[in-house]
Amino acid sequence: MNKEYNTVRITSSSEAPDEQPFLPINPFAEPITAMSTTNPVRPGDDDMIDIDFQNATTDRSSNGVMNVDLVNTHYDDFQTIDWLKDLMRDRFRHRLLRAKSYQSLFNKLLMYHDAWSGWLCVLLVGLSAGVIAAVIDIGTNWISHLKQGICLNAFWLNREQCCWASRELQYDNVNSEECPEWFTWPQVFGTYRKGPGEYLLSYIMYIFWSTIFATFAVLLVKVFAPYACGSGIPEIKTILGGFIIRGYLGKWTLLIKSIGMMCATSAGLILGKEGPFVHIACCCGNIFSYLFPKYGRNEAKKREILSAAAAAGVSVAFGAPIGGVLFSLEEVSYYFPYKTLWRSFFCAMVGALVVRSINPYGNGHDIQFSIDYSVPWSSFELLPFILLGILGGLWGAFFIKTNVWWCRFRKNSRLGQYTIIEVVCLAIITATIIYPNPYTRMSMSELIKRLVSQCRVEDMIDLCDYPSAQFHNGKIKGSIGLAGSGVHQAIWKLFFALIVQVILVTFTIGVKVPSGLIIPSMSIGAITGRIIGIITEQLAIQNPSFILFRHDCSKDENCVTPALYAIVGACAFLGGVSKMTVSLVVIMFELTGGLNYIVPLMAAAMTAKWIGDGFVRGGIYDAHIELNGYPFLDNKEEFNFTTSAADVVRPRPEQSLLLAYLTQSGMTFLEVENLLKETTHTSYPVVISRDQPYLVGQILRRDLQIALSMYFYELKKTL
């Protein structure tokens with residue numbers, strides 16, 4: 001017998017005179033000398049790839065048509081996987097398990113373990129992603145408040161937790177807590193009197209801590225895990241598309257990105273931590289996949305786990321399990337079979353349950369920006385909602401162009417060699433600019449929470465300064481009344497915050513620290529939405545007889561809710577940058593709990609995408625994929641085939657002058673077999689038809705051999 005080294009080969013009948021039942025080669029086995037089994041093939045195995053090794057005709061084996069190499073278990077770094085080969089290997093492995101399961105009870109248990117190993121793997125991914133996300137949220141809140149002071153009696157508590165049990169709790173003009181238990185840094189150093197000295201010391205300590213946190217984050221990334229920078233979503237899309245980036249989903253990247261996210265976000269840089277949760281969850285998916293050889297040793301199957309992990313990343317970041325599944329399906333996944341949909345849903349659900357159990361936000365919810373109002377919106381408000389969508393689309397186009405330009409400049413200039421200095425300088429500049437404004441001093445997550453919340457009776461902040469306002473149900477403060485001076489001041493402060501965030505986020509996204517774009521885009525959109533909401537509210541109050549307001553605002557009731565405009569604005573501006581639609585709307589209503597506002601969210605998201613597509617094709621993640629030169633082929637993109645095969649491929653000089661090619665439809669198996677007999681090419685161009693020889697792709701000789709092997713085996717079974 002000839003030895004077969006993991007190669008599927010058709011042997012002639014003279015080599016195997018006695019017919020034996022078929023058993024496929026184990027792709028993971030060592031070289032073998034013979035194949036035999038006493039177990040018959042069951043009829044239910046017809047969906048598996050099956051090749052008859054014993055009963056093929058001699059002529060088909062002699063010409064090499066059926067020589068098929070099925071095994072290549074290792075891919076080099078920056079190499080694209082072979083989807084067909086890996087899925088083929090998994091089917092042979094499953095076929096082997098099915099065949100062996102009839103031999104003993106142990107083998108049958110192994111087959112059952114193989115069947116539910118995918119569910120166990122995504123369960124572990126969901127649990128780990130939820131725990132890590134909760135720890136990061138708790139740590140970020142504590143470190144972020146550390147820039148302004150410390151709870152001396154219990155240093156591990158953040159500002160909000162420190163003042164929970166205080167009997168002298170007060171709030172400032174932006175609704176931040178003040179209590180004797182919380183010590184600002186001037187108070188720690190013995191300065192209790194309000195004045196210029198106290199303000200200057202607070203200013204200096206804010207800049208000092210911001211610089212320390214940013215420096216620590218960039219040093220961690222540069223020294224231990226260079227792949228931990230950025231959001232990771234462009235690279236995750238590329239990896240899920242079949243590209244290999246060794247170390248990008250490793251344990252060091254997971255650890256450094258988790259710590260770096262807390263430091264970079266707490267430094268006050270205009271970036272978010274929610275986007276990198278997708279990268280962190282995929283790191284968990286990659287690590288746990290190696291516990292199950294079914295996924296750890298097969299790159300195509302591993303991407304099923306990574307797709308579920310991406311869904312869990314969005315779920316734990318926003319408390320939006322359904323939105324996470326849709327995000328994975330719409331935005332990042334390339335190969336998404338039906339069973340992956342259910343596993344992604346299960347993984348996202350587990351992650352959301354873990355976050356809710358730990359309760360990192362301290363509000364009893366698993367979402368950050370929960371709202372408790374359901375004021376109906378009026379028909380005329382579709383106009384400002386669409387306006388927000390237009391502004392979101394324009395913002396997305398502006399940001400994508402400017403940020404890509406700046407990242408390309410950084411990459412091609414000497415600035416890219418001084419990553420630490422760049423981050424330190426950026427942290428100092430950012431802290432210096434944002435401290436004087438209380439709306440930029442607070443974290444962007446806290447700012448969004450303020451903007452999407454409706455005014456209450458107890459709120460004495462600037463945004464709720466309505467001197468003649470009425471109260472409805474003793475709970476919600478109505479907008480029936482002119483805005484006071486506090487609202488006017490708040491608008492100017494918010495406008496300043498808008499300008500600062502728009503400028504700084506352009507230069508911040510892309511630096512060598514963990515950074516996400518989701519929260520900054522939502523913050524910019526929420527500010528714009530709240531400003532437009534207040535303007536619309538005041539116009540409706542002062543002009544109740546105007547044709548747009550006559551029907552809905554003539555009664556003595558609340559007809560405009562400015563907080564709703566903040567939600568719609570956040571959706572529109574995030575949609576303008578990411579170009580998401582369905583998943584974005586679902587994430588937004590899960591994130592806020594505003595199920596009644598789906599139509600405004602849909603109108604804003606679609607308008608933002610339409611406007612943005614008019615200036616830039618693709619979202620920010622696609623732009624960064626193109627900027628970095630990743631070999632990503634978008635399966636949702638439409639291509640116009642205008643290049644003929646003869647313009648791209650040439651026949652070998654020693655062979656016929658006629659180009660060997662296949663048509664995308666209409667060829668028979670016999671024609672394909674004759675083509676392989678007559679030529680020895682390793683790949684063949686695929687054209688539309690003989691009359692229209694426009695190139696649409698290529699196919700490897702090996703893949704044709706596998707398809708023919710399957711066909712002839714199925715044909716033999718029917719005879």
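Author: A side-chain oxygen of aspartate 82 comes within 3.1 Å of the backbone nitrogen of lysine 85, at the start of α2. That is a polar contact (N or O atoms within 3.5 Å, one able to donate a hydrogen and the other to accept it; residues adjacent in sequence count only through side-chain atoms on both sides). The model is predicted: local features need pLDDT of at least 70, side-chain atom pairs pLDDT 80 or more, while totals for chains, interfaces and linings use all residues. Numbering runs from 1 along each chain as its sequence is written, and side-chain values use heavy atoms, without hydrogens or water.

Buried residues of α2 include Trp83, Leu87, Phe92 and Leu96. Buried means under 20% relative accessible area, exposed over 50%, partly exposed in between (1.4 Å probe, protein chains only).

Now the aromatic pairs: there are 24. Rings of Phe, Tyr and Trp (its six-membered ring) pair with centres within 6.5 Å; planes under 30 degrees apart are stacked, over 60 edge-to-face, the rest tilted. Phenylalanine 78 and phenylalanine 243 make a tilted pair, 6.0 Å between centres and 45° between planes. Phenylalanine 78 lies in the loop between β2 and α2, phenylalanine 243 in the loop between α7 and α8, 165 residues apart. Phenylalanine 78 is partly exposed, at 48%. Phenylalanine 243 is buried, at 7%.

Terms used. Helices (H or I, at least four residues) and strands (E, at least two) are DSSP runs, numbered from the N terminus.
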